[in-house]
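Here is a short note to read beside the model. Please keep the structure open while going through the points.

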Amino acid sequence: MDDRTADGGGLAPQAHANANGTAGENGKTTKLKIFRGDAEGGEEVEYELPMVEGMVVLDAVLNVQAEQAGDLAVRWNCKAAHCGSCSAEINGKPKLLCKTRMEEYDGEEIRVHPLKAFPVIKDLVSDVSWNYEVSRSMTPFTSDAQAPFTMYEEDVERLYEPKKCIECFMCQDVCHVLRTHNKHAEFAGPRFFVRAQWMEMHPMDNQNRLKYLHEERGGVGYCNITKCCTEVCPVGIKITDNAIIPLKERVADEYYDPAKWLMRKLRGNRNGARNGG
Ligand code: SF4
Ligand code: SF4
Ligand code: FES
């Protein structure tokens, strides 16, 4: 079974409706601290709500929205760990709210905040549009061949893992290059290394993105393989092992192999002379 559906899901919508700010079916309540605010600032507000067995954090947040704070902003869509919309931070770590059970935090305080690496719009909703700008800055899949393609089975299998990405941007959020050092202008981030690697290993793609990754916006050299991105990926993509390390190896071959360096120099000089440089 797909582990996304096994762990995701949470409660059916009617489970929200029975919650009314008093005790749940079993007489228990739970507490949640939620960031309330916007780009100007804000604060955590504590809410108490009925605890229903099996509820996920998104259920709790939607209960608060339905019963106590109608203007609470939260982004969600599928409620099944498929769309990537509900990513936020629980106790400082990026999580899909619809995949994270309240029971995981039994006895602990639960603090829900928007993703920290991107500007907050309101409450739990952050502005992730920067990621789409990065996406547009990368040369897209380009092929001379006409789909449907005929490919070897092993190529198809290798291409399957990166295509599982649901663009939750939790890997971007946890990466210290963005989260702590704010290198948004010169670092594409792990999600886009996954995308680049998918295109680079696609046998039908005819582009080369190594210059982008090394000299331009990609900034793959900033990554020091901490593997934090791999640890948070909800669909289990081995981001570092299967995307970043192969890309770094290709960049090293291209830029630091003396023979290739000389070839690039000669190519550059020829182009310069052709352009009158
Ligand atoms: S492995 Fe690289 S891309 Fe992933 S979180 Fe660490 S520094 Fe960022
Ligand atoms: S690679 Fe994983 S963590 Fe990163 S955006 Fe895709 S699904 Fe989310
Ligand atoms: S609502 Fe779609 S991933 Fe959580």
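Predicted model: local features only at pLDDT ≥ 70, side-chain atom pairs only at ≥ 80, totals over all residues.

The points below take up the ligand shell, the nonpolar core and a set of paired strands.

1. Shell around ligand 2. There are 16 residues around ligand 2. Those that come nearest are Cys165, Cys168, Cys171, Arg191 and Cys233. By class, the shell has 14 nonpolar residues, 2 charged ones and no polar ones.

2. Where the shell comes from. Helices α6 (170-174) and α8 (190-201) each supply at least two residues of the shell around ligand 2. The largest share, 3 residues, is from α8.

3. Nonpolar core. The largest nonpolar core counts 55 residues. Val61, Leu97, Phe193 and Ile239 have the most contacts inside it. Elements that each supply at least two residues of this core include β1 (29-38), β2 (41-50), α3 (57-67), α8 and α11 (239-256). Domain 1 (3-126) and domain 2 (129-274) both give residues to the core, so it lies between them.

4. Ile239. Leaving aside neighbours within four places in sequence, Ile239 is in contact with Cys171, Pro190, Phe193, Val194, Cys229, Thr230, Cys233 and Ile244.

5. Strand β3. Strands β3 (residues 87-90) and β4 (residues 93-96) run antiparallel, joined by 4 bridges. Their hairpin has 2 residues between the strands, and Asn91 takes a positive phi near 50°. β3 also pairs with β5 (residues 111-113), in the antiparallel sense, over 2 bridges. Glu89 stands opposite Pro94 in β4 and opposite His113 in β5.

Notes: Residues numbered from 1 in each chain as written. Chains lettered and ligands numbered in written order. Near = placed C-beta within 6 Å. Nonpolar A, V, L, I, M, F, W, Y, C, P; charged D, E, K, R; others polar. Core = buried A, V, L, I, M, F, W, Y, C linked by C-beta atoms within 7 Å. Buried ≥ 20, exposed ≤ 12 C-beta atoms within 10 Å, placed from the backbone. Domains from an automatic or database assignment. Contact = placed C-beta atoms within 7 Å. Pairing = 2+ DSSP bridges.
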